[in-house]
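I opened this notebook to keep track of what I looked up, entry by entry.

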Amino acid sequence: MNAANSDRIFQALEKFRIEIPSWGFANTGTRFGKFIQAAAATTTEEKFSDAGQVHALTGACPTVALHVLWDFTDGIQSIGEVQTYAKRYGVNPGSINPNLFQDQEYKYGSFGNPDPSIRARALRHTRDSIEIARGLQTRDISLWFADGSNYPGTANIRQRKLWFEELLKTVHADLSTSQRLLVEYKPFEPAFYHTDIADWGMALLLARFAGPQAKVLVDTGHHYAAQNIEQIVAWLLSEEMLGGFHFNDRRYADDDLTLGSIDPYQVFRIFHEILFYEWETGKQADIAYMIDQSHNLKGKIEAMLQTVCMAQELFAKACLVNHAELAEAQKSCDLVKAESFLQDAFATDVRPAIQEWRRSKGVQVNPLEAFRQSGYLERITQQRSARNSQSVSSYA
Ligand code: LRH
Ligand code: MN
């Protein structure tokens, strides 16, 4: 690899940071049950400890996304505890995710619920989540709504849209000037007839209506198989409405598999659209790169290390596209030449350059191998197995 390309990869890795989800370290499953891992994290402290390992080994994920009901056992009162863990394990709190889908009260929705007292309850929880973010001086409040219906005619879709507009505008007014709302869309699951925020267009309109600090969050698993995700990304960039990503991979639906495990070229194409936009506009896209996965079979920390390393690799490959020559080829409709710029970059082995960058940062050249040699997994298995063997694995 020539010096210019190594340098481009170096510069790219200097700015590439990806946020890891606390829930990626916990015992999660599907509706057919969950396979308990003895070493899985249950407490917020254990999640910070595991996240701290991943950041120490990669140097690329200094923040951990937190889910309010899963990580703040005492709500706003848990802020101090979380700050202690952040110091102790060397990773800072990242995006704050309110949970408007788990409680029984949300059977018929949260912001979209016909019952005004349930909408008020959901509003209260979201406002508390903004308070938590303010207390932790973290920027993003990441909103995903399971709201929808399972049968035709059972929901007034237009009325529910009006409630979402009203309530998102209300919570936007609560934000400090530095805070952002990220509105995540999903076409289906758990609702299987309509979902209130089902696609990028609905999320964009609601975010724009809420206010200037509201942006759209793209979860790569929240698309129909045939959808062109990087085109959605290009449009959101063009509209300056792209706030962040939840990266994962899938073969069928919202499978939440590890990034790049099924279609690494998909994530490469997304990174390419972002880097091409930044080259063309001279603007730095203000994007929160985050992982949202549930590791039902793989070792949870190994899967997270694999994911962070794969994300670095695909970002490094995308930064090798010669944007000026690509723009020329696009203008002259030299299709094969234009496509080859992406294929050549994607085919480039960037691992030696990434290992160089890691060496220069004093982090492990091979994070996964270093983790296996560290004894950390044996230690936490010993500490956590007794408790984890108690946890239920059945769905019903
Ligand atoms: C919904 C989702 C959302 C999270 C949850 C864990 O499918 O992507 O981002 O809150 O997963
Ligand atoms: Mn998500």
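I began with D140, which I count as buried because its relative accessibility is 8%; buried means under 20% relative accessible area, exposed over 50%, and partly exposed in between, with a 1.4 Å probe and protein chains only. D140 lies in strand β4, and I noted that helices (H or I, at least four residues) and strands (E, at least two) are DSSP runs, numbered from the N terminus. The side chain of D140 makes a polar contact with the side chain of R180, at 2.8 Å. A polar contact is a pair of N or O atoms within 3.5 Å; within protein, one must be able to donate a hydrogen and the other to accept it, and residues adjacent in sequence count only if both atoms are side-chain atoms.

Before going further I wrote down that this is a predicted model, in which local features need pLDDT of at least 70 and side-chain atom pairs count only at pLDDT 80 or more, while totals for chains, interfaces and linings use all residues. Residues are numbered from 1 along each chain as its sequence is written, chains are lettered from A and ligands numbered from 1 in the order in which they are written, and side-chain values use heavy atoms, with hydrogens and water left out.

Next I turned to the ligand. Which residues are around ligand 1? I listed W23, H67, W144, E184, K186, D219, H222, H246, D254 and D292, where near means that a heavy atom of the residue lies within 4 Å. By class, this shell has 2 nonpolar, 3 polar and 5 charged residues; Ala, Val, Leu, Ile, Met, Phe, Trp, Tyr, Cys and Pro count as nonpolar, Asp, Glu, Lys and Arg as charged, and the others, Gly among them, as polar. A polar side-chain atom of E184 lies 2.7 Å from an oxygen atom of ligand 1, one of K186 lies 2.9 Å from an oxygen atom of the ligand, and for an N or O atom in the side chain of D254 I noted 3.2 Å to a ligand oxygen. Taken alone, ligand 1 exposes 300 Å², and the protein buries 90% of that (Shrake-Rupley method, 1.4 Å probe; for residues, only the protein chains shown count as cover).

I then followed two strands. Strand β9 (residues 242-247) runs parallel to β10 and is joined to it by 4 bridges, where pairing requires that DSSP finds at least two; G244 stands opposite A288 in β10. Between the two strands the chain passes through helix α9 (residues 264-281), and this β-α-β crossover is right-handed, meaning that, with the strands pointing away from the viewer, the path from the first strand over the helix to the second runs clockwise. In β10 (residues 288-291), A288 and M290 point one way and Y289 and I291 the other way, and all are buried.

My last entry concerns the backbone. Most residues other than glycine have a negative phi, and most peptide bonds are trans. A cis peptide bond joins E189 and P190, with omega about 10 degrees, and P190 is found in the loop between β6 (180-184) and β7 (194-195). Phi is positive at Q137, near 50 degrees, and at D256, near 55 degrees. Are these residues buried or exposed? Q137 counts as exposed because its relative accessibility is 72%, whereas D256, at 13%, counts as buried.
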